[in-house]
Amino acid sequence: MDLQQFWFVLIGVLFTGYFVLEGFDFGVGMLMPILGKGSDTRRRVVLNTIGPVWDANEVWLITAGGAMFAAFPEWYASMFSGFYLALLLLLVALILRICAIEYRAKINDPKWRAWCDIGIGIGSWIPALAWGWVFANLVRGVPLNSDRQIVGSVWDLLSPYALLGGLTTGVLFALHGAVFLVLKTGGEVRTDAQRIVRLLLVPTAVIVGGFGVWTQLAYGAGWTWAVLVTAVLGLVLAGAANAAGRDGWAFVGTTLTVISATVLIVGSMYPNVLPSTISPLYDLNIYNASSTPYTLKVMSWAALLATPVVLVYQGWTYWVFRQRLTVEQIPAPTGLPLTSKD
């Protein structure tokens with residue numbers, strides 16, 4: 001494996017970690033209005049399941065973007081300029097979600113918390129749908145010209161395949177979040193989350209399976225058939241484990257599906273990072289889009305030294321906050337009043 005291949009795989013691993021960890025974060029935010037049922041205490045139970053970890057999960061995206069910029073600057077430049085409006089919308093949604101989570105408990109007012117909940121919902125739904133749309137376009141290809149610029153209009157990026165990719169990550173993250181809530185909550189919240197898992201399982205299997213088969217037939221390699229089968233088996237495991245009350249195994253199942261779906265997409269791209277629908281001569285691949293060998297070598301040593309430390313720290317965080325949450329554990333809300341009584 002040469003350095004270009006190593007960094008392509010590493011970026012794939014980083015995005016896989018991001019989708020696994022931030023995927024259930026998005027799912028929790030997407031399901032918060034449903035599981036809240038008009039009760040602020042229930043919504044706080046749902047939100048507190050990701051409270052200690054959601055910001056650390058976003059580090060995977062920052063690292064993946066930084067790695068893409070340093071290892072494949074041509075890929076980064078073409079992608080972020082061509083998808084500028086979409087990625088800007090995604091970034092605004094993420095910022096809105098961060099602010100809503102951080103400031104929700106600062107003000108003790110029902111209207112304030114209601115608006116923050118709307119922000120959490122918007123900031124969860126938009127990225128969950130947008131990431132699938134973006135990566136589907138990376139597999140399908142974009143109108144990339146000889147100057148390595150994406151030309152045309154936004155309608156060129158709204159193909160049926162790309163829209164199905166967005167729907168796929170949307171429903172998959174919602175299911176992943178529901179399974180996570182079953183694992184992390186107790187009492188009535190857990191019971192309702194189990195019911196949502198049962199409702200989402202079949203539609204998710206149909207949509208994920210359809211997108212996976214389309215990807216495999218149109219863009220996949222021989223070995224990615226095994227990945228597609230693994231994704232389906234992950235959903236079967238999640239459904240069976242949820243019915244049997246084996247919450248940990250259910251989460252393993254959806255995690256396996258998210259990992260397999262990401263590997264299918266990244267594997268279908270290789271060796272291209274941004275194929276051109278205008279001409280194969282304009283394709284960006286891991287070699288003509290990469291940095292110099294010296295840059296890749298220095299980055300490789302830094303990644304090998306720093307990555308284990310980050311993984312150990314994040315694993316320790318999940319271990320410390322592994323207990324289930326129930327309505328009875330949630331104290332009365334605190335915070336400043338929205339308006340002064342003076």
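A cavity, on a 1 Å grid over the protein atoms alone, is a set of points where a 1.4 Å probe fits but cannot get out, and its lining residues have an atom within 4 Å of a point. Grid points are joined across faces, edges and corners, and a volume is the space filled by probe spheres set on the points.

This is a predicted model, in which local features need pLDDT of at least 70 and side-chain atom pairs count only at pLDDT 80 or more, while totals for chains, interfaces and linings use all residues. Residues are numbered from 1 along each chain as its sequence is written, and side-chain values use heavy atoms, with hydrogens and water left out.

Next, select Phe8, Ile11, Gly12, Phe15, Trp75, Phe135, Val266 and Met269, which line the second largest cavity. The space in this second largest cavity is about 70 Å³, and H1 supplies the largest share of its lining, with four residues.

Finally, move to helix H6 (residues 84–103) and pick out Ile95, which is partly exposed at a relative accessible area of 43% (partly exposed lies between buried, under 20%, and exposed, over 50%, with a 1.4 Å probe and protein chains only).

Terms used
Helices (H or I, at least four residues) and strands (E, at least two) are DSSP runs, numbered from the N terminus. On a 1 Å grid over the protein atoms alone, a cavity is a set of points where a 1.4 Å probe fits but cannot get out, and a pocket is an open set with protein on both sides within 12 Å along at least five of seven lines; lining residues have an atom within 4 Å of a point.
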